[in-house]
Amino acid sequence: MEDAMYVAEKIREPAQINAVALKAYARVADAWGLSLKEAAGLADMSESTWKRAKKPDFAGELTKDQLLRLSAVIGIFKSLELYFSEPLAKSWFTRPNKGPLFGGSRPVDTAIDGGLPQILAVRTYLDALRGGA
């Protein structure tokens with residue numbers, strides 16, 4: 001009986017992780033005021049999939065890439081909240097930035113265009129700022 005419960009738990013776990021990640025990501029997208037297109041692009045989903053994924057009963061699977069994207073974006077959000085005051089933390093990701101990673105573009109646009117490597121680079125950049133590295 002114990003083995004069956006363990007197996008059932010393991011099967012449920014990825015769905016729970018996906019649900020938590022999607023819920024947190026939706027909150028971040030709302031806090032930043034991302035458009036449907038921006039939120040979908042950042043998550044590497046079609047707009048119709050993102051609309052469905054925002055709903056609590058979403059049963060679709062996330063790829064490892066998508067889950068990493070969501071996790072890194074949530075990390076970016078948290079870093080911004082820790083590093084900047086609220087108005088700047090909420091707008092930083094969607095404001096033009098002359099920093100070396102962005103070249104005058106908005107971080108959200110570079111993250112959508114550059115995919116997971118750029119999202120992770122932004123996360124590392126912010127963690128370095130916050131940590132003083």
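Visitor: What is the place of Trp50?

Guide: Trp50 is in helix 3, a helix being a DSSP run of H or I with at least four residues, whereas a strand is a run of E with at least two, and both are numbered from the N terminus. The model is a predicted one, in which local features need pLDDT of at least 70, side-chain atom pairs count only at pLDDT 80 or more, and totals for chains, interfaces and linings use all residues. Residues are numbered from 1 along each chain as its sequence is written, and side-chain values use heavy atoms, with hydrogens and water left out.

Visitor: Why does Trp50 count as buried?

Guide: The relative accessibility of Trp50 is 2%. Buried means under 20% relative accessible area, exposed means over 50%, and partly exposed lies in between, with a 1.4 Å probe and protein chains only. Trp50 therefore counts as buried.

Visitor: With which residues is Trp50 in contact, leaving aside its neighbours within four places in sequence?

Guide: They are Leu22, Tyr25, Ala26, Leu36, Ala39, Ala40 and Met45, where contact means heavy atoms within 4.5 Å. For Leu36, 14 residues apart from Trp50 in sequence, the C-alpha to C-alpha distance is 7.7 Å.

Visitor: Is Gln66 buried or exposed, and what makes it so?

Guide: Gln66 is buried because its relative accessible area is 9%. Gln66 belongs to helix 4, residues 64-83. Beyond its neighbours within four places in sequence, Gln66 is in contact with Ala43, Asp44, Met45 and Glu61.

Visitor: Which backbone oxygen does the side chain of Gln66 reach?

Guide: The side chain of Gln66 reaches that of Asp44, at 3.0 Å. A polar contact is a pair of N or O atoms within 3.5 Å; within protein, one must be able to donate a hydrogen and the other to accept it, and residues adjacent in sequence count only if both atoms are side-chain atoms.

Visitor: What is said of the phi of Asp44?

Guide: Asp44 has a positive phi of about 60° although it is not a glycine. Most residues other than glycine have a negative phi. Asp44 lies in the loop between helix 2 (36-42) and helix 3 (47-53).

Visitor: Why is Asp44 called partly exposed?

Guide: Asp44 has a relative accessible area of 44%, so it is partly exposed. Ala19, in helix 1, is partly exposed because its value is 42%.

Visitor: Which residues line the largest pocket?

Guide: The lining includes Ala19, Leu22, Lys54 and Phe58. Ala19 and Lys54 are 35 residues apart in sequence and 9.1 Å apart in space, C-alpha to C-alpha. Helix 1 (residues 2-32) gives the largest share of the lining, five residues.

Visitor: How many residues of each class are in the lining of the largest pocket?

Guide: There are seven nonpolar, two polar and three charged residues. Ala, Val, Leu, Ile, Met, Phe, Trp, Tyr, Cys and Pro count as nonpolar, Asp, Glu, Lys and Arg as charged, and the others, Gly among them, as polar.

Visitor: How many helices and strands are there in the protein?

Guide: The protein has six helices and zero strands, and its pattern along the sequence is α-α-α-α-α-α. Of its 133 residues, 35% count as buried.

Notes
1 Å grid on protein atoms, 1.4 Å probe; cavity = no way out; pocket = protein on both sides within 12 Å on 5 of 7 lines; lining within 4 Å.
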